[in-house]
Amino acid sequence: MYRALVIACSCVVLTAVAAAQTDYHIDAIGGDDLGGDGSLAAPWQSFANLSGALLQPGDRVLLARNSVIRDRLLISASGTASQPIVVAAYGNGRDPVISA
């Protein structure tokens with residue numbers, strides 16, 4: 001009985017650790033709100049599609065450097081102390097600017 005409990009608990013811990021985070025990419029210069037999917041290969045141009053995404057703890061909203069995003073960033077979800085929802089920059093160049 002004890003061995004089965006240890007195995008079951010190990011599976012729960014491994015499942016929790018294996019939960020994948022999602023990165024959402026925003027690129028005001030090279031993104032596309034209609035054809036993009038928020039991935040690195042097909043970023044969105046604005047935050048419009050982000051409002052439909054169900055952000056989870058550990059997710060990241062990544063803004064392309066050199067972008068000036070003329071939109072308001074509203075995040076209604078929240079992360080946790082160990083898995084915050086992060087807003088950060090990616091790529092090379094100047095820091096991105098949010099100008100609503």
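**Entry 1: strand β2**

I began with β2 and found that 4 of its 5 residues are buried, so this strand is largely enclosed by the rest of the structure. I note at the outset that the model is predicted. I then located β2 at residues 60–64.

**Entry 2: the chain as a whole**

I listed the secondary structure next and recorded 1 helix and 5 strands in the protein chain. Read along the sequence, these elements follow the pattern α-β-β-β-β-β. The chain has 100 residues, and I noted that 25% of them count as buried. I looked up the accessible surface, which comes to about 6,700 Å², with 58% of it belonging to carbon and sulfur atoms. I also checked the range of the contacts: among those between residues at least 6 apart in sequence, 61% join residues at least 24 apart.

**Entry 3: the sheet**

In which order do the strands of the open sheet stand? I read the order as β1-β2-β4, a sheet of 3 strands with parallel pairing. β1 and β4 are at the edges with a single partner strand each, so one side of each has no neighbour in the sheet. On average, neighbouring strands of this sheet are turned by 25° against each other, direction ignored.

I followed the pairing on either side of β2. With β1, the strand pairs in the parallel sense over 4 bridges. With β4, β2 is joined by 5 bridges, and these two strands also run parallel.

**Entry 4: the nonpolar core**

I turned to the largest nonpolar core and recorded 12 residues, among them Tyr24, Ile26, Trp44, Phe47, Leu50, Val61, Leu63 and Ile85. β1 (23–26) and β2 (60–64) each supply at least two residues of this core. I examined leucine 50 within the core. Leaving aside residues up to four places away in sequence, leucine 50 touches Tyr24, Trp44, Leu55, Val61 and Leu73.

**Entry 5: salt bridges**

How many salt bridges does the structure hold? I recorded 2. As background, side chains of opposite charge can pair when their charged atoms come close.

In one of them, the side chains of aspartate 23 and arginine 60 meet at 2.7 Å, N to O. This pair links distant parts of the chain, with aspartate 23 in strand β1 and arginine 60 in strand β2, 37 residues apart.

Arginine 65 has a relative accessible area of 26% and is partly exposed. Aspartate 95, at 55% relative accessibility, counts as exposed, because the cut-off for exposed is over 50%.

Note on methods. Residues numbered from 1 in each chain as written. Predicted model: local features only at pLDDT ≥ 70, side-chain atom pairs only at ≥ 80, totals over all residues. Heavy atoms only, no water. Core = buried A, V, L, I, M, F, W, Y, C linked by side-chain atoms within 4.5 Å. Buried < 20%, exposed > 50% of the residue type's maximum accessible area, 1.4 Å probe, protein only. Contact = heavy atoms within 4.5 Å. Salt bridge = Lys/Arg side-chain N within 4 Å of Asp/Glu carboxyl O. Areas by Shrake-Rupley, 256 points an atom, 1.4 Å probe, with all protein chains shown as cover. Pairing = 2+ DSSP bridges. Axes fitted to C-alpha atoms, helices over the stretch in contact; angles between N-to-C directions.
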